[in-house]
Amino acid sequence: MRQADIPEAAVARLAKLLLERIGLRPATEAQIGLRLALRARLEALGCEDPYAYVEWLEGGNEVELRALLPLVTVGKTDFFRDSNQFRALRAQVFPELIMLARQEMRPVRIWSAGCATGEEPYSLAMLAAELGVEPQGIDLLATDVNPVAVERARAGRFGARRFATVSEHLVRRFFEADHDSFVARPELQAYVRFEVHNLAGTCFPRPRDGGCWDAILCRNVIIYFDRPTTSRAIGRFFDGLREGGYLCLGYSESLYRISGAFELVELEGSFLYRKPVARPLVMSEPRPSLEDTVARLRKAVDEHRKRAMTPPGPPPAVLAPKLAAPEKPASSRAPELDVANPLQQVARLLEGGEFEAALLTLDKALVQFSGSLALLITRGNLLTVMGRQKEARQVYRDALTMEPLCAEAHLFLGIACYEAGGELDGEAAQELSRAIFLDPSLGLAHYYAGRTAERQADFASARRAYRNAVNVCQGKSSWTPLLGHFPDLPSDPGVIARAAGYALAGLEEL
Ligand SMILES: C[S@@+](CC[C@H](N)C(=O)[O-])C[C@H]1O[C@@H](n2cnc3c(N)ncnc32)[C@H](O)[C@@H]1O
């Protein structure tokens, strides 16, 4: 199908759908991009009729919407996005990779997969240059499925406002001012090669010398994929990495239930995945995984709730003098921050029931690791547990300003809005719907979407949502770990499946 064969009205309907479903407002000049995207999808699907395609999307085909999305949006990105991860790359990962590559007399091999307009690979290039690596000392490949984004990345021209996260020294060294933009100097451009590549395809690129990648960054990209596509891509990353090589995902992304092949390592407050080495080079204590930490957090909060529900008896005699004249309330003390493992420190405090101290520790940690979404969401959840709902909602909103594609933040904000008693139901419905779009496996989001719709007397939507909740939760023995904890989260997804089942039965009678 030629581009000219696509009628204006089909493009306009697609634009309307994108606005309604995900809040995307394609600019007038982007209508050409929309037309191109529509044509690409029609060709890929072997479909001749643009109206039939748009109708198919209007019918709620989320898998196809997800496939179309990267073609109509230029993904949000920033220079040095996720400062914690870049701190880990600078302090530990890059020095290790550079040393190994020098020992093996080969270039460092890095792939930025899903590079959008190039801020990520140029940040990596600046990092390498600052650590003394010459362009020929690194094979830095940057790819994206969106050819417009790749073209812009290759041109290396960025508006002045994009540089808020780049130090003046780096801007001066690596960019040249040109009117109200900055252009990457040829010295910087020499570090990166750009290519169009589809991560949902079968053929994955190798380093120029045919070896394996030392590190693959695929950050904030798997959001566009359904679970099978994610699993396939992660499997191919695993095959393409050398043993001990790193896989960096976005800070709200995890491989839980997708792949158990990688080990999770915490470096400088950031979580990275590493392909295990057959024989460890260094013997060290195994680090607790993020999943373990979250499970411990949950257990602690559950215990706290149980204790809170138990009527207090008289204090044991041995404790009485201490309680009568405490030196300082334990809750007001903020312990020294464990900068290597702040989240685990918070978990330990919660295990001991020290909620105020946990909150103070989180505040301290957030000063140090201001970009950590895990810490921020944990703070929101802790405030919820402590009954400070309004503040909790604001924390989730802050998390979403930081990372608009974080499914957990949408979920928790949606639930928190629902719990406001009805006055925030509009926001609850919108947030829960976004959470579901970003992660359809979130049974809790379907369930609360049902409750919200039911309260709004939209019974057809409520039934649909409850059915989805049942489908997603049935047969599951544990939750997909979420960052943090929500106090009404039952210990077992089966509980939600049953609750949704009852709610559904109630509605069938209406
Ligand atoms: C939100 S941006 C992330 C950019 C950068 N990695 C970061 O974290 O700042 C997501 C990018 O993934 C790209 N993407 C989506 N689906 C893809 C696919 N199937 N293959 C390759 N890239 C894809 C999009 O085009 C978009 O540029």
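Where in the chain does M105 lie?

1. M105 lies in the loop between α5 (83-103) and β1. The model is a predicted one, and in it the phi angle of M105 is near 50°, a positive value in a residue other than glycine. M105 counts as exposed because its relative accessibility is 76%, and exposed means over 50%.

2. H179 is placed in the loop between β4 (175-178) and β5 (181-184). With a relative accessible area of 79%, H179 is exposed.

3. As to overall composition, the chain holds 21 helices and 10 strands. Of its 510 residues, 49% are buried. When contacts between residues at least 6 apart in sequence are considered, 71% of them join residues at least 24 apart. The chain has an accessible surface of about 24,000 Å², and carbon and sulfur atoms account for 55% of that surface.

4. In soluble globular proteins, nonpolar side chains tend to be buried together. In this model the largest nonpolar core has 100 residues, and the members with the most contacts inside it are L14, W111, L199, F237, L247 and L411. Helix α17 (residues 407-418) gives the most to this core, contributing nine residues. Another core, of 45 residues, lies apart from it and includes A129, V150, V166 and L267.

5. W111 illustrates the packing of the largest core, being listed among the residues with the most contacts inside it. Residues up to four places away in sequence being set aside, W111 touches L141, T143, H197, L199, F204, P205, W213, A215, I216, L217 and F237. Two of these partners, L199 and F237, are themselves named among the core residues with the most contacts.

6. A113 belongs to strand β1 (residues 108-113). A113 is buried because its relative accessible area is 0%, and buried means under 20%. Beyond its neighbours within four places in sequence, A113 is in contact with T143, L199, I216, L217, C218, R219, V221 and F237.

7. Which residues come nearest to the ligand? Of the 20 residues around it, these are T77, G114, D144, N198 and N220. The shell divides into eight nonpolar, seven polar and five charged residues. A polar side-chain atom of T77 lies 2.6 Å from an oxygen atom of the ligand, and one of D144 lies 2.7 Å from a ligand oxygen atom. For N198, a polar side-chain atom lies 2.8 Å from a nitrogen atom of the ligand. Taken alone, the ligand exposes 600 Å², and the protein buries 98% of that area.

8. Is S252 buried or exposed? S252 is buried, with a relative accessible area of 18%; this value falls within the buried class because the cut-off is under 20%. S252 is located in the loop between β8 (241-249) and β9 (263-267). Its contacts, neighbours within four places in sequence being left aside, are with L373, E403, L405, C406 and E408. S252 and S372 are 120 residues apart in sequence, and their C-alpha atoms are 9.4 Å apart in space.

9. T230 is placed in helix α10 (residues 227-240). T230 is buried, with a relative accessible area of 4%. Residues up to four places away in sequence not being counted, T230 touches I222, F225 and I258.

10. E176 lies in strand β4. E176 is partly exposed, with a relative accessible area of 41%. E176 and P186, which are 10 residues apart in sequence, have their C-alpha atoms 9.7 Å apart.

Technical notes:
Residues numbered from 1 in each chain as written. Predicted model: local features only at pLDDT ≥ 70, side-chain atom pairs only at ≥ 80, totals over all residues. Heavy atoms only, no water. Helix = DSSP H or I, 4+ residues; strand = E, 2+ residues; numbered from the N terminus. Buried < 20%, exposed > 50% of the residue type's maximum accessible area, 1.4 Å probe, protein only. Contact = heavy atoms within 4.5 Å. Areas by Shrake-Rupley, 256 points an atom, 1.4 Å probe, with all protein chains shown as cover. Core = buried A, V, L, I, M, F, W, Y, C linked by side-chain atoms within 4.5 Å. Near = heavy atom within 4 Å. Polar contact = N/O pair within 3.5 Å; in protein donor to acceptor, adjacent residues only side chain to side chain. Nonpolar A, V, L, I, M, F, W, Y, C, P; charged D, E, K, R; others polar.
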